[in-house]
Amino acid sequence: CLNCLGVLHYIMPNGDSEMALKCLRDSIRLRKQLLGSENHADIGTAWNNIGRVYFQLTDYEQAMVAYQRGLKIRRNELGDSLDVGATVFNIGQCLHQLGERDGALQNYKEFLRLAKRHFGEFHRDIVIVLTCIGQILHEKKEFDEALKAFQSALCLGRASLGAFHPEVAITLNKMGNLHYESGDLSAALERYHDGLKVELSVLEAGNPNISVTYTNIAEIHKQRREFDLALENYNKVLELQRSFSTDSLELANTLSCVAYVLHQKGDYQGSLDINQECLQLRRDALGDHEEVGATLTHIALVLLKMDQHRVALEVLTEAYRVRTKLSNKSNRDIAFTLYNIALIYHHLGDHETALRYYIETARVEKDALGKGRDLSITFYNIAQLYYQKGELELAVENFTQALKIERQCFGENHPTCARTLNEIGNIHLQLGNMDGMMEAYTDALRIYRHGDGDDDQLVVFGIGLWRLQCILPEAAGAA
């Protein structure tokens, strides 16, 4: 009775896990007293149930301890029974949650052997474990083997459970996930639609799995830049979440996706409105949080598209406050925020402030990202501002820094390097450094010719050489 009472506390809505554990432990204690031994099938069952409670509490380490004690007793008392198989499967689930995929796979395969012995090929439990095996193989990047397991689960599921069953929908969606990760978006989309058709037939309207599938479909359309179809599916998710879900953060995540799609479609006012709703939900739920910083940044980018530069600057400044509050370490997000603040000051003509922010951006990028493409762009912008200020030595120094990184990132013969070399040549020309100018122009010209550069690009160097002729005296005649 205590074991049954413990199970009831565990499975009932709003169950009391502590009371469940107490009842189950009391049942073990009493049976030991009555039997004088721990080796009894009922004690093994109680340990298995204790493991289920801990699993529900996500305490997988304690669940493993309980399951293993239960399995030892059940193996001794019951041999290759279904009860043994159930505990083996439960251990597989624990190991899966703990990231021990090989151990999980071994236990799932043992359960599959026992289930086939007792049920034959066509049974719900076999469909479930084949899907679990497929998931493990997917996570191990063994895509071909994973697909075989999913296909077996799908075939058996349709044969034993019918084409319209929740387990069939789960398998279809996991197949969609597999195709998505392996890069076959068309196959993924087909499987998600197949899964959605089953879900709409067999699940209640508010089941969160339906929202997940609509979201997966929308994500593929978004990646394929099919924004109308993406928006259609995201709006279905919003409708379901507003009607059935109480999770404000899930709603905020969907709103963020909708805002992005509207941004890409050029509906900036619509994107701004949705982003503001997303921001409010995230701030209410999280306070100063990275997701709040990301939403503020997205709002600022939309405002820039709407030519509201000063408002965007205020929003980016708030995003910078949030992000630096959360981390005093340099990271890509802080660098991105600083860079956009610099860009706005640059656009507004406040070059001194823009320069300060670009220099700080470069410092953060160097710490967080090393010498990557982003840093080369920042050095290039710093150089441009120094050039406009007439500080030519500092300009050439920063153009040279940009060039060094561009060569590392793109190779010696990339047009980006030619562009920067041209700027360096222009500065050397103004400084009267003819050797430096000729070296930069010649290298840039070589790159454009190497890459079959068009005539418009080559004209730049012709102009530079013409300017050179204007400032150099003609050579004296031979004596």
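**Exercise 1. A residue in a helix**

In which helix is glutamate 18 found? Decide also whether glutamate 18 is buried or exposed.

*Solution.* The model is a predicted one.
Step 1: find the element. Glutamate 18 belongs to helix α2, residues 17-35.
Step 2: check the accessibility. Glutamate 18 has 58% relative accessibility, so it counts as exposed. The cut-off for exposed is over 50%.
Step 3: look across the sequence. Tyrosine 54 is 36 residues from glutamate 18 in sequence. In space, their C-alpha atoms are 9.9 Å apart.

**Exercise 2. Positive phi in two loops**

Find where threonine 58 and lysine 141 are located, and state the phi of threonine 58 and of lysine 141.

*Solution.* Step 1: take threonine 58. The loop between α3 (41-56) and α4 (60-78) holds threonine 58. Its phi is near 60 degrees, which is positive although the residue is not glycine. Threonine 58 is exposed, because its relative accessibility is 52%.
Step 1: take lysine 141. Lysine 141 sits in the loop between α7 (124-139) and α8 (143-161). Here phi is near 65 degrees, again a positive value in a residue other than glycine. Lysine 141 has a relative accessible area of 52%, so it is exposed.

**Exercise 3. The span and cover of α20**

Compare the span of helix α20 with the expected value. Then name its buried residues and what covers them.

*Solution.* Step 1: count. Helix α20 covers residues 392-410, 19 residues in total.
Step 1: compare spans. From first C-alpha to last, α20 reaches 26 Å, close to the expected 27 Å at 1.5 Å a residue.
Step 2: list the buried residues. They are Leu392, Ala395, Val396, Asn398, Phe399, Ala402, Leu403, Ile405 and Glu406.
Step 3: find the cover. It includes α19 (373-388) and α21 (415-431).
Step 4: look past the end. Glycine 411 follows α20, and its phi is positive, near 100 degrees.

**Exercise 4. Counting disulfides**

How many disulfides does the count come to?

*Solution.* Step 1: recall the bond. A disulfide joins the sulfur atoms of two cysteines covalently. The cut-off is 2.5 Å between the sulfurs.
Step 1: Cysteine 155 is exposed, because its relative accessible area is 54%.
Step 2: Cysteine 417 counts as buried, because its relative accessibility is 0%.
Step 3: give the count. There are 0 disulfides.

**Exercise 5. A helix pair**

Describe how α10 and α11 pack.

*Solution.* Step 1: read the geometry. Helix α10 (residues 185-202) and helix α11 (residues 208-223) pack at about 155 degrees, and their axes are 10 Å apart.
Step 1: classify. This angle makes α10 roughly antiparallel to α11, because angles over 145 degrees count that way.
Step 2: name the crossing. α10 passes α11 in a left-handed crossing.
Step 3: find the contact. Among the residues of α10 that make it are Leu185, Tyr192 and Leu196, and α11 contributes residues including Ile210, Tyr214 and Ile217.

**Exercise 6. A buried threonine**

Is threonine 337 buried or exposed, and which residues is it in contact with, leaving aside neighbours within four places in sequence?

*Solution.* Step 1: locate threonine 337. It lies in helix α17, residues 332-348.
Step 1: check the accessibility. Threonine 337 counts as buried, because its relative accessibility is 0%.
Step 2: list the contacts. Apart from neighbours within four places in sequence, threonine 337 is in contact with Thr297, Leu316, Ala319, Tyr320 and Arg323.

Notes: Residues are numbered from 1 along each chain as its sequence is written. This is a predicted model: local features need pLDDT of at least 70, side-chain atom pairs count only at pLDDT 80 or more; totals for chains, interfaces and linings use all residues. Side-chain values use heavy atoms; hydrogens and water are left out. Helices (H or I, at least four residues) and strands (E, at least two) are DSSP runs, numbered from the N terminus. Buried means under 20% relative accessible area, exposed over 50%, partly exposed in between (1.4 Å probe, protein chains only). The expected span of a helix is 1.5 Å times one less than its number of residues. Contact means heavy atoms within 4.5 Å. Axes are lines fitted to C-alpha atoms, for helices over the stretch in contact, and angles run from 0 to 180 degrees between N-to-C directions. Angles under 35 degrees count as roughly parallel, over 145 as roughly antiparallel, 65 to 115 as roughly perpendicular and the rest as oblique. A crossing is left-handed if the near helix is turned anticlockwise from the far one by less than a right angle, and right-handed if clockwise.
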